[in-house]
Amino acid sequence: MAKAIKLKKGLDIKIHGAAPAEIRRRVVPASCAVVPDDYQGITPKIDVKEGDAVLAGSVLFHDKQYPDIRVVSPVAGTVQSIVRGERRKLERIVITPSQNPEESMRFDTSGIDDDVLARRLLLDSGLWAWMRQRPYNIVPAPGIEPRDIMVTGFDSAPLAPDYEMLLKGHQDDINAAIKLLGKLTKGNIYIGIRQGSCLTDIEGAETIIFDGPHPAGNAGIQLANINPVNKGDVVWTLDAVTLMRIGRLVNTGTVDMNVTVAVTGCEVKTPEYITTTAGADMASLTAGNIHDDNVHHRIISGNVLTGRPVSREDYLRFPYSQITVIPEGDDYAEFMGWASMSPQKMSVYRSFPGHFTKRLFCPDARILGGRRAMIMSGVYDKVLPMDIMAEFLIKAVISRNIDRMEQLGIYEVAPEDFALCEYVDPSKLELQKILQEGLDYIRKELN
């Protein structure tokens, strides 16, 4: 019998534009791109040049500090461009697919019962870079054995894709992946699921049922309620779709870079699931499916809380699972502005009529109020189901007080865990950015 944990804190944001649970079509992208910034903790050293032919699984760049960590091409084709920014920072590598875009390199899966060979398979295939390490929310260092591995079996973010639809019928791949990951840790492999999930009985893993609102699906929240990450601990995290992808590598010897993306949001004509390639160009994915309503649009690669704003000329960003389109709001004049009492305004506060309705909303991207001094209101604690003092942790991060950061739980959090805190924050602080800068600072100072 799986252990069940009830989370009372959190908030489910009710937004119009959810995708129905069926895959409607496949989109072949005009180009794909890999963005090094998506792989936190990696300093890229490029391994290809413009004009090179690559296969799916070919190495594009590796990490300078840990050369074994590699990021690979999601598609077979030709390196179209290597885009650099200020101080020659590598911004992205763009690849034009060939006539056979799924042509993949083959990897040797024999002998992976040995932990060294199992680790080598993940590193060579590039799937190692799809995992994350707590502390610091970075790509795991290859020479460290994790205390535990945490797999998130559902996504609770607004309009998030339904993992059950994606995982159904892939039990063999999931079992193979658990067997492989079991070679890399002497600890537990936890899978956080919802009641009735298809991942209930997985040999070699301990399933934990989580009941509650967002952020119940976050790896950090699940770990905090199972076995928190303390100083000196290292825990790996990944989602169940990546777990399935690892299992497919074990069973077939090839890297499957096909992804199923939920195209969602109130500015999308037809919310839907589409199958495409990781890193696909946004123009191909949204063509003809955004309302032509003479308003500015905010296109987000990801969900409204943690996703990255992109343009139509940009690319789908890691973890390649969702696109959300909402109004920008900068071209809309509203009577009384942020103080409007319109029932169409979404709010977590009881001062606004919209708080009491059960309707779905269409929020825009405005902050609705200027940034101001930090207000110690206790509001973070209402939406963060972790045993930490969130406001004091943010103050410690801002002041760069490493001792206080450690005492207040910096090692068990990631920016996504504070996304809801940022949403309800009356101070309008960029909490996710502040926290990521704090994690980068403490990693640099202590390592």
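## Glutamate 272

Glutamate 272 sits in strand 16 (residues 272-277). Strands here are DSSP runs of E with at least two residues, helices are runs of H or I with at least four, and both are numbered from the N terminus. This is a predicted model: local features need pLDDT of at least 70, side-chain atom pairs count only at pLDDT 80 or more, and totals for chains, interfaces and linings use all residues. Residues are numbered from 1 along each chain as its sequence is written, and side-chain values use heavy atoms, with hydrogens and water left out.

Glutamate 272 counts as buried because its relative accessibility is 5%. Buried means under 20% relative accessible area, exposed over 50%, and partly exposed in between (1.4 Å probe, protein chains only). The side chain of glutamate 272 makes a polar contact of 3.5 Å with that of asparagine 289. Such a contact is a pair of N or O atoms within 3.5 Å; within protein, one must be able to donate a hydrogen and the other to accept it, and residues adjacent in sequence count only if both atoms are side-chain atoms. Beyond four places in sequence, the contacts of glutamate 272 include Arg24, Arg25, Val261 and Asn289. Contact means heavy atoms within 4.5 Å.

## Proline 36

Proline 36 lies in the loop between strand 3 (32-34) and strand 4 (44-46). Its relative accessibility is 3%, so proline 36 counts as buried. Leaving out residues up to four places away in sequence, proline 36 touches Pro44, Phe61, Leu90, Glu91 and Arg92. Methionine 165 is 129 residues from proline 36 along the chain, and their C-alpha atoms are separated by 29 Å.

## Helix 3

Helix 3 covers residues 171-182, 12 residues in all. From first C-alpha to last it reaches 16 Å, close to the 16 Å expected at 1.5 Å a residue. That expected span is 1.5 Å times one less than the number of residues.

The buried residues of helix 3 are Asp173, Ile174, Ala176, Ala177, Ile178, Leu180 and Leu181. They pack against several elements, among them helix 1 (115-125), strand 11 (148-152), strand 12 (189-193) and helix 5 (240-252).

## Strand pairing

Strand 13 (residues 206-211) runs parallel to strand 1 (residues 3-6), joined by 4 bridges. Alanine 4 has isoleucine 209 of strand 13 as its bridge partner. Strand 12 also pairs with strand 13 in the parallel sense, over 4 bridges. There, glycine 192 is bridged to isoleucine 208. Two strands pair if DSSP finds at least two bridges between them.

## Backbone exceptions

Most residues other than glycine have a negative phi, and most peptide bonds are trans. A cis peptide bond joins arginine 134 and proline 135, with omega about 10°. Proline 135 lies in the loop between strand 10 (132-134) and strand 11. The bond from phenylalanine 318 to proline 319 is also cis, with omega near 15°.

Proline 319 is in the loop between strand 18 (308-310) and strand 19 (322-327). Tyrosine 320 lies in the loop between strand 18 and strand 19. Tyrosine 320 has a positive phi of about 60°. At 4% relative accessibility, tyrosine 320 counts as buried. Arginine 400 has phi near 60°. Arginine 400 is found in the loop between helix 7 (390-398) and helix 8 (402-407), and is partly exposed, with a relative accessible area of 30%.

## Whole chain

The protein chain has 10 helices and 19 strands. Of its 447 residues, 55% count as buried. The C-alpha trace spans about 65 × 50 × 50 Å along its principal axes.
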